[in-house]
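Trainee: Take me through one part of this model closely, please. I would like the salt bridges, and then whatever surrounds them.

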Amino acid sequence: MSSLGEAITTARRALGFTQEELAEAAGVTQAALSRYENDLREPEADALTRLAGALGVTVPFLKGASSVRGAMAVDAHMRKRATAKATTWRQLEARLNMYRMHVRHLMEEVSLRAEQRIPTFDPIDTDAADAARMVRMQWRMPIGPVRSLTRWVEAAGCIVLAEDFGTTRVDGLSQWIDDYPVMMINVAAPVDRVRLTMAHELGHLCLHSFEPTLTMEDEATRFAAEFLMPEEVIRPQLRALTLGRLHDLKREWGTSMQAIIERAYDLQVITSAKRTNLYKSLSSRGWRTREPLSDELPPEAPVLAQSISEAMADKGLNREEIAEMAGFSDADRNTLFVASTRRLRAV
């Protein structure tokens, strides 16, 4: 069971506040805040109200977050590079945990009916590539490239949040909250990398919903490769790879040229020497850091959270009421369920 102290700590970290900064904003002493966060003392009603206001949430949200089954501040599934700073990804992790709780808070009032669902598998019993094939079959996806990956993921009830993380060292995070999966994607990355990250996080949601494994990153990577580039279809296209051929395949499959090279190598269609030569060709043109054609790929634009808020607005709820139902202190703090002026069809 989570605690109120854990909820306060997670909300503070999500905003990037130090204890001193939050204490000052809420009008409490840092010593008192430390006791609250460590569950050595429960804040009085007035102090809790000020803390919630400073954190941009409601008191019921904090109390509800503290009563959720399991931990609130869980480790997120995360696609990050080895050089990513711990302080950066820990803050992103806290933000994801807050989003998870806001989704849970809202779903206590609103039911979400998804066309599909994200199935879960035991990675000990099910190979990652087999899991990807089963997901595609369950979702009745067309054979070949995945068009509008976001639409498929959101149709399965996953809230996708696209944000600029302020770093290129973390690509995405995901986690379940009760029956609702939430995914955060870094829009600072090119579209081909965004798509690979989404498929990677989908692999985590499918394979690691209960507990992590020692090889979970490799499993999510293999899931993503099979999900986006099914072996049965792409294998014949990977023979005799050239830079020109890589251009064509990137346009067709919506994945990076480097991902296509890795797919060919993993499927043993090309040799290690051929793989090295292709990477040298990319490096000589500066394409290892910035590939061509990425700007030509259709963007992945999430709409589910916005569609939910617009459906609520259509039922007569105003901005403040929607914000309160999601656990935000006011409408300006609600960055999750925001209706636009134009209507979008709910997925």
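Mentor: Start in helix α4, where R50 and D46 both sit. Four residues separate R50 from D46, about one turn of the helix. An α-helix has 3.6 residues a turn, so residues three or four places apart point the same way. R50 and D46 form a salt bridge, with the closest N and O atoms 2.2 Å apart. A salt bridge here is a side-chain nitrogen of Lys or Arg within 4 Å of a carboxyl oxygen of Asp or Glu.

A word on the basis. This is a predicted model, in which local features need pLDDT of at least 70 and side-chain atom pairs count only at pLDDT 80 or more, while totals for chains, interfaces and linings use all residues. Residues are numbered from 1 along each chain as its sequence is written, and side-chain values use heavy atoms, with hydrogens and water left out. Helices (H or I, at least four residues) and strands (E, at least two) are DSSP runs, numbered from the N terminus.

How open is the pair? R50 is partly exposed, at 32% relative accessibility. D46 is exposed, at 52%. The cut-offs: buried is under 20% relative accessible area, exposed is over 50%, and partly exposed lies in between (1.4 Å probe, protein chains only).

Next, D171 and R193. Their salt bridge has its closest N and O atoms 2.7 Å apart. D171 lies in strand β3 (residues 170-177) and R193 in helix α9 (residues 191-207), so the pair ties together parts that are 22 residues apart in sequence. D171 is buried, at 4%. R193 is partly exposed, at 23%.

A further pair is E231 with R235, at 2.9 Å from N to O. E231 is partly exposed at 28%, and R235 is partly exposed at 27%.

Salt bridges can also join up. D130, R133, E226 and R263 are linked in a network of them. The count comes to 21 salt bridges by this rule.

Helix α1 (residues 4-15) has twelve residues, and nine of the twelve are buried. Among them are L4, I8 and R12. Just after α1, G16 takes a positive phi of about 75°.

Note on methods: The expected span of a helix is 1.5 Å times one less than its number of residues.
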